[in-house]
Number of protein chains: 2
Amino acid sequence: MTDDVVVLRYGHRPGRDDRMTTHVGLTARALGADRVVLPDNAGQSAETIRDITDRFGGPFAVELRDDQRAYTRNWEGTVVHLTMYGERVQDVETDIRADSVDVDAPLLVVVGGEKVPFDFYEEADYNVGVTNQPHSEVAGLAVFLDRLFEGAELEREWEDADRVVLPQATGKKVVDPAEAAAEAGERGEDDDGGD
Amino acid sequence: MTDDVVVLRYGHRPGRDDRMTTHVGLTARALGADRVVLPDNAGQSAETIRDITDRFGGPFAVELRDDQRAYTRNWEGTVVHLTMYGERVQDVETDIRADSVDVDAPLLVVVGGEKVPFDFYEEADYNVGVTNQPHSEVAGLAVFLDRLFEGAELEREWEDADRVVLPQATGKKVVDPAEAAAEAGERGEDDDGGD
């Protein structure tokens, strides 16, 4: 994966927002973004996300910055700001895809926490609402990414994982990557056709 | 909407989990579920979700219960348990839809918080992973519901709202329901063809 889709979290109150910011980062990773940019006071969330990446694989980058506004203003590519006040995701997702992932051009997805300054509304190429209802920035990000990638993110393979969860109808199965590869081979999922 | 799709939250630590539980409930509401069942110690989250429903519309019900296990065991309909250890959502969503929304049969979606007892894995008709990666129960619920309803939930109309957010390319526009109806009429969205 190239560093094409970046999620930027605006706003973080240490302690109070740790879990939400961590969930924003983990959702970005799990659903196909290449990198998350967090406020520089969100070091604890950054550590958790890096730890998950070390164990479950990457590539996925976590960056701490204190210049969220300038970073967004200077972004060379499309900027999407997720907000319940924005245009309906179902109306704009095709245009956003055509501007970004369809042509391998960079996309910045801004996810607000607390009050988002009006700058972000103005700097965004698209203000996008996943419904125009109040719910959760994590939920909005998740639905946005799944629609952006049209589900392809669910097929992603992870590199340098210590462990792999194998999907089970009931129960939990966690193996090391070599075992996972062997099971995939037995199911005929090898590309080289060998056995 | 009938009371067909119910989201059940298992586990809640007052204080620490308030925001996550609130986000589970608000996501359930915004993305097409009919009701959320919360643990009985999650009264503060219930209050927030009811307040949002009063202001932004319904119908959507919030229930507090202390019998999550029995409730799940006695559910007359399909039970889906969202877990990173489960089968891949992209592999089972068609079957789940065929068992539930396609035939107007009830569906219970169990969303875990802390350690989920093995009962839930066994009682579930489907254990489902929105990726087999650790991320967020809110993100998993959001993607699951959007896929279950195939995006139709985004077109939902809300009853008895005090206010309506109108989608905007830039900025915020919040109106009362009469104004929203008038704007829809001007855009020719009236079903009766009148003006």
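Okay, let's start with A:Glu150, which sits in the loop between helix 6 (137–148) and strand 7 (164–165) of chain A. Helices (H or I, at least four residues) and strands (E, at least two) are DSSP runs, numbered from the N terminus. Keep in mind that this is a predicted model, where local features need pLDDT of at least 70 and side-chain atom pairs count only at pLDDT 80 or more, while totals for chains, interfaces and linings use all residues. Residues are numbered from 1 along each chain as its sequence is written, chains are lettered from A and ligands numbered from 1 in the order in which they are written, and side-chain values use heavy atoms, with hydrogens and water left out.

So, backbone angles. Most residues other than glycine have a negative phi, and most peptide bonds are trans. A:Glu150 has a positive phi, near 50°. Over in chain B, B:Asp160 is not a glycine either, and its phi is positive at about 60°. B:Asp160 belongs to the loop between helix 6 and strand 7 (164–165) of chain B.

Are these two buried or exposed? A:Glu150 is exposed at 59% relative accessibility, and B:Asp160 is exposed at 71%. Buried means under 20% relative accessible area, exposed over 50%, partly exposed in between (1.4 Å probe, protein chains only).

Next, the peptide bonds. A:Gly58 and A:Pro59 are joined by a cis one, omega about 0°, and B:Gly58 and B:Pro59 are also joined by a cis bond, with omega about 0°.

Last one: B:His135 is buried, at 12%. Its contacts (heavy atoms within 4.5 Å) include A:His23, A:Leu26 and B:Gly140.

Definitions and conventions: Lists of a residue's contacts leave out its neighbours within four places in sequence.
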